[in-house]
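Grab a pencil and work through the exercises below. Each one sets a task and then walks through a solution.

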Amino acid sequence: MDSVIDARHVSEPGLVVLDITAADEETTLALMDELQHIWATSGITEIRRDPAQPGVRARVHADIRRTNPGSQSSLPRDGEEQAATVNP
C-alpha cells in the first residue's frame, strides 16, 4: 500500500494496521468479514488492484484488545487450544 500509516493507528499496544494481499476480491472480502467477527475493525474497506502487482490489496485497522461481542469466534488464549469448526 502506498499510503503512510498514521501514528494514531498504532499509538497503543493492541492497535494494528493489516495490509492484505490476496489472489482475488472474494478472498479479500471473506478475510475482512472474518476479522470483523473477531476484533473491532474498520470493517470492509476499499479493495485496490495495482496493475504492476499480482492480486488485490486492502488495508484494515483493528483493535485486537476489543473482541466483537456478538461473535462466537475468538482466538485461543495462552495455554488453550482452539477446536476446529466446520461451517455447514
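## Getting oriented

The chain's secondary structure comes to one helix and three strands (DSSP runs numbered from the N terminus: H or I of at least four residues for helices, E of at least two for strands). This is a predicted model, where local features need pLDDT of at least 70 and side-chain atom pairs count only at pLDDT 80 or more, while totals for chains, interfaces and linings use all residues. Residues are numbered from 1 along each chain as its sequence is written, and side-chain values use heavy atoms, with hydrogens and water left out.

## Exercise 1: order and burial

Step 1. Now check burial (buried is under 20% relative accessible area, exposed over 50%, partly exposed in between, with a 1.4 Å probe and protein chains only).

## Exercise 2: the core

Task: find which residues make up the largest nonpolar core.

Step 1. Know what you're looking for: buried Ala, Val, Leu, Ile, Met, Phe, Trp, Tyr and Cys residues joined through side-chain atoms within 4.5 Å.

Step 2. Pick them out: the eight residues are Ile20, Met32, Leu35, Ile38, Trp39, Ala58, Val60 and Ala62. The elements giving two or more residues to this core are α1 (25-38) and β3 (56-67).

Step 3. Zoom in on Val60. Leaving aside residues up to four places away in sequence, Val60 touches several residues, including Ile20, Met32 and Thr41 (contact means heavy atoms within 4.5 Å).

## Exercise 3: the salt bridges

Task: say how many salt bridges the structure holds, and which parts the Asp19 and Arg59 pair ties together.

Step 1. Count them: there are four (a side-chain nitrogen of Lys or Arg within 4 Å of a carboxyl oxygen of Asp or Glu).

Step 2. Take Asp19 and Arg59, whose side chains meet at 2.6 Å, N to O. Asp19 sits in strand β1 (residues 15-22) and Arg59 in strand β3, so this pair ties together parts 40 residues apart in sequence. Asp19 is partly exposed at 42%, whereas Arg59 is buried at 11%.

Step 3. Next, Asp63 pairs with Arg65, with the closest N and O atoms 2.8 Å apart. Asp63 is buried at 10%, but Arg65 is partly exposed at 44%.
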